[in-house]
Amino acid sequence: MPTENQPDLDAHGWCWGSNNPGQLGTGGSAAAWSAVPVPVAGGQALSLLSSGMVHGCGINSATNLYCWGFNAAGQLGIGTTATKNLPQLVGADWWRAVVAGDSHTCGLTVAGLRCCWGLNIAGQLGTGDFTDRKVPANVPGEGVWAALAVGTYHSCGIRSGAELYCWGDNRFGQLGTGTTALSSVPQPVL
């Protein structure tokens with residue numbers, strides 16, 4: 001049974017911390033930060049959550065993807081760059097995983113396809129170019145993908161069969177390819 005200082009952490013998404021510019025998804029003032037968990041607004045039972053630098057995303061039991069918060073590079077995936085302090089539907093009935101980075105987001109569909117969107121300054125979307133995307137864009141490559149992870153300006157994924165790929169910024173060798181050359185498409189990790 002929850003107490004006054006311990007909320008009932010049911011199937012709703014819960015966030016806490018800074019809320020400037022709306023990354024808690026509560027619909028409240030951007031100045032209203034919270035030191036305790038507060039429910040993400042909109043009545044969504046979000047079970048899979050990921051927080052980026054100043055945005056968040058979650059997936060509900062119907063495999064619908066929602067994102068909220070800062071959106072200057074299109075990292076919410078809603079087709080605009082307008083910042084939103086309430087969850088916004090990105091796509092319905094096909095998402096099973098989402099990872100939010102600094103200014104980009106990636107997700108896996110129930111079919112194992114991977115998509116990324118948002119800032120693409122170093123090729124971190126994996127789309128073969130350096131163009132920002134305001135909606136999910138398919139990351140090329142064959143096979144079904146099992147997992148994704150994102151950093152500030154790079155992304156990685158595991159393909160079924162435990163094959164690891166990374167793409168994006170590589171100034172410090174973070175792609176694991178044996179070089180420091182960036183790549184705008186997935187490269188196998190050595």
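Mentor: Go ahead. This is a predicted model. Start with cysteine 57 and cysteine 67, whose sulfur atoms lie 2.1 Å apart.

Trainee: Why is the pair of cysteine 57 and cysteine 67 called a disulfide?

Mentor: The cut-off is within 2.5 Å. Their sulfurs are 2.1 Å apart, so the pair is a disulfide. The link is right-handed, with 105° about the S-S bond. Cysteine 57 sits in strand β4 and cysteine 67 in strand β5, so the bond ties together parts ten residues apart in sequence.

Trainee: How do you know that cysteine 106 and cysteine 116 form a disulfide?

Mentor: The sulfur atoms are 2.1 Å apart. The limit is 2.5 Å, so the pair counts. Cysteine 106 belongs to strand β8 and cysteine 116 to strand β9.

Trainee: What makes cysteine 106 buried?

Mentor: Its relative accessible area is 1%. Buried means under 20%, so cysteine 106 qualifies. Cysteine 116, at 0%, is buried too.

Trainee: What about cysteine 156 and cysteine 166?

Mentor: Their sulfurs are 2.0 Å apart, within 2.5 Å, so they form a disulfide. Both cysteines are buried. By this rule the count is three disulfides.

Trainee: Is cysteine 115 buried or exposed?

Mentor: Its relative accessible area is 11%. That is under 20%, so cysteine 115 is buried.

Terms used:
Residues are numbered from 1 along each chain as its sequence is written. This is a predicted model: local features need pLDDT of at least 70, side-chain atom pairs count only at pLDDT 80 or more; totals for chains, interfaces and linings use all residues. Side-chain values use heavy atoms; hydrogens and water are left out. Helices (H or I, at least four residues) and strands (E, at least two) are DSSP runs, numbered from the N terminus. Buried means under 20% relative accessible area, exposed over 50%, partly exposed in between (1.4 Å probe, protein chains only).
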